[in-house]
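Me: I would like to go through some of the terms used for this model. Please set each value against its definition.

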Amino acid sequence: MTPAQITAFNKAVTDFSAGQTAQQAGDNAAAAAKYDAALPAIRTAVQSDPAKIDNVAFLANVLYADAAAQAGLGKIDQAMTLFGESAPHWRKVVEAKPTDAASRNVLAGILVQLGNQKLTAKDAAGADPYYQEAVTLARKSVAENAADKVNKNLLLSALIGASQTGSDPAVKTEAVTLGKAMVADNSIDAVNKPSVLAMTGQAG
């Protein structure tokens, strides 16, 4: 990077920190403004050296945080665009750090969101690859820690999506079986519960 790019990158780090502080305080508007200010310099850094995984991870994190802030402001389209931009960067991070469960779960969660967006637009064929990739990632997290509620809910949400886009009846059976067990032991989250109750014909 040039000296000017390095200066801009250092300012981006400061902006990101300020955005995190604002987001933690519940000020999504201020957070989004700081993240948006930080992104150009971080994108430039990744473009100048795509192999530097620390910068790729930084860009992935800023895009993810910005998407969360935008969603908090009700700007869902902007949030989904940012999630979409972040996904390839998260893939690189997960590939470079296969034991990093947190990054793997973030990527799986993003993929489910992108699949949901496609499914809402009646594009089942476009949604299916996102769900399938998310299922694979979530299965790995569950295999590593089957007792973790976050892991199980991630797998369940990916299976619920895949059961609506694919042609394999075993996927729906697995989603229903897992969902029923999670309703029974109260490990299911508020997002997945209505879907499972609908799939099993139970009232909420």
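Reply: Begin with the words for angles: under 35 degrees counts as roughly parallel, over 145 as roughly antiparallel, 65 to 115 as roughly perpendicular, and the rest as oblique. The model is predicted, so local features need pLDDT of at least 70 and side-chain atom pairs pLDDT 80 or more, while totals for chains, interfaces and linings use all residues. Residues are numbered from 1 along each chain as its sequence is written, and side-chain values use heavy atoms, without hydrogens and water.

Me: Why are H7 and H9 called oblique to each other?
Reply: Their angle is about 45° and their axes are 10 Å apart. Axes are lines fitted to C-alpha atoms, for helices over the stretch in contact, and angles run from 0 to 180 degrees between N-to-C directions. H7 and H9 are therefore oblique. The helices themselves are DSSP runs (H or I, at least four residues), numbered from the N terminus.

Me: What makes the contact between H7 and H9?
Reply: Contact means heavy atoms within 4.5 Å. Asn 153, Leu 156, Ser 157, Ile 160 and Ser 163 of H7 meet Asn 192, Ser 195, Val 196 and Met 199 of H9. By class, four are nonpolar, five polar and none charged. Nonpolar covers Ala, Val, Leu, Ile, Met, Phe, Trp, Tyr, Cys and Pro; charged covers Asp, Glu, Lys and Arg; the others, Gly among them, are polar.

Me: Why are H6 and H7 called roughly antiparallel?
Reply: H6 (residues 124-144) packs on H7 at about 150°, with the axes 8 Å apart. H6 and H7 are therefore roughly antiparallel. Residues of this contact include Tyr 131 and Val 135 of H6 and Leu 155 and Leu 159 of H7. The contact has twelve nonpolar, five polar and three charged residues.

Me: Why are H1 and H2 described as roughly antiparallel?
Reply: The axes of H1 (residues 3-24) and H2 (residues 28-48) cross at roughly 155° and come within 8 Å. H1 and H2 are therefore roughly antiparallel. H1 passes H2 in a left-handed crossing, a term used if the near helix is turned anticlockwise from the far one by less than a right angle.

Me: What makes a set of grid points a pocket?
Reply: On a 1 Å grid over the protein atoms alone, a pocket is an open set with protein on both sides within 12 Å along at least five of seven lines.

Me: How many residues line the largest pocket?
Reply: The lining has 24 residues, and among those nearest the centre are Val 112, Asn 116 and Val 191. Lining residues have an atom within 4 Å of a point.

Definitions and conventions. On a 1 Å grid over the protein atoms alone, a cavity is a set of points where a 1.4 Å probe fits but cannot get out, and a pocket is an open set with protein on both sides within 12 Å along at least five of seven lines; lining residues have an atom within 4 Å of a point. Helices (H or I, at least four residues) and strands (E, at least two) are DSSP runs, numbered from the N terminus.
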